[in-house]
Amino acid sequence: MMEQARLVNNRRPSSDVEQVTLCERRNDAKAMKLRLHFVVDPMGWLCISLVFGIWLYNSFFVPKLVLLPHYDEGHIPWAIVVCYYIASALCLAALFRASTADPGRLPVDPHIPHSEREHWELCNKCNLMRPKRSHHCSRCGHCVRRMDHHCPWINNCVGEDNHWLFLQLCFYAQVLSLFTLVLDFCQYYYFQPLTRLDQEKFTTRHELALLRISALMGVVMLGGMSSLFYTQMTGILSDTTTIEKMAHFSNETYGSKRAWQWALAEVCGTRWKLLWLLPLRGRQPLQAGHHFRTPV
């Protein structure tokens, strides 16, 4: 009887096996999406505190010095103020979600689908089974599915389940930094002089120094995040992680050009492009199909 059951399982159509596997992964994602993931690492706490400090500085001083005074005097429309605060809120939300979302940590006793057993291997560091393209993070102390790298600036690994959040963080950090630089430039060379200013206020007396610090941080963040965003996008489109690039073996094994729509949909867990920009949602694995499969 056992032999007959094994033969029946082997005869199951591949589409049915893929559907069962997809349902299992979706159930795992639903169980994990509400669980916050924290890494106990003092160095990581320091790095993420610096990132949060830069966000807080620009989210406080730029509106205090530029946006709100010029809006009160009618020099700029309310839409610019609203857009700046939306960009700031989305950047903070992406930072929080990327740093607290589970990157794809493998459980101690993982359930291995029958159709995927040949694609699993034993980790020589934690002695646990893991799917191929997983990696053991020595800083976090566990294996992560399709791990890209460990980022100290979010104090978390970037893996299969939070890669889309890390990509969002890079994007919104660029938007906020560019917005800040434009406002700093307009304050010097474009906006009309303010007439209702209290010269005794700290922000007014030290306006030049505060805006120079803001501009410097904007240049550094824009340059760094643009470079990081470019490398992440090239890796996603070529289906290659940062670790695989460093290992110099991915081009022979995994690297392949993909349509950008399908590549981003797979990372973000949805084909709805508008949802790619929303950090406050869950992610579910996509079922492989023919959508977006056009040559690049």
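Here are some notes on the predicted model above, point by point.

1. Ground rules. The model is predicted, so I kept local features to pLDDT of at least 70 and side-chain atom pairs to pLDDT 80 or more, while totals for chains, interfaces and linings use all residues. Numbering runs from 1 along each chain as its sequence is written, and side-chain values use heavy atoms, with hydrogens and water left out.

2. Residues 210–230 are 100% helix and 0% strand, with end C-alpha atoms 30 Å apart. For residues 76–96 the figures are 90% helix, 0% strand and 31 Å. Helices here are DSSP runs (H or I, at least four residues), and strands are runs of E of at least two, numbered from the N terminus.

3. A nonpolar patch. Met 43, Leu 46, Leu 50 and Trp 153 make up a surface patch with about 430 Å² of accessible area together. Patch members have over 30% relative accessible area and no salt bridge, and nonpolar side chains (Val, Leu, Ile, Met, Phe, Trp, Tyr) are joined within 5 Å, like charges within 9 Å. A salt bridge needs a Lys or Arg side-chain nitrogen within 4 Å of an Asp or Glu carboxyl oxygen. Areas are Shrake-Rupley with a 1.4 Å probe, and for residues only the protein chains shown count as cover. Leu 46 belongs to helix H3 (residues 42–72) and is partly exposed at 48%; buried means under 20% relative accessible area, exposed over 50%, partly exposed in between.

4. Phe 52 and Trp 55 are stacked because their centres are 5.5 Å apart and their planes at 25 degrees. Both sit in H3, three residues apart, about one turn of the helix. Phe 52 is partly exposed at 36%, whereas Trp 55 is buried at 15%. Tyr 57, Phe 60 and Phe 61 are linked by ring pairs into a cluster.

5. Two positive phi values to look at. Asn 127, with phi near 60 degrees, is in the loop between strands E1 (120–122) and E2 (129–131) and is exposed at 57%. Arg 133, with phi of about 75 degrees, lies in the loop between E2 and E3 (135–137), but counts as buried at 16%.

Conventions:
Buried < 20%, exposed > 50% of the residue type's maximum accessible area, 1.4 Å probe, protein only. Phe/Tyr/Trp six-rings, centres within 6.5 Å; stacked < 30°, edge-to-face > 60°.
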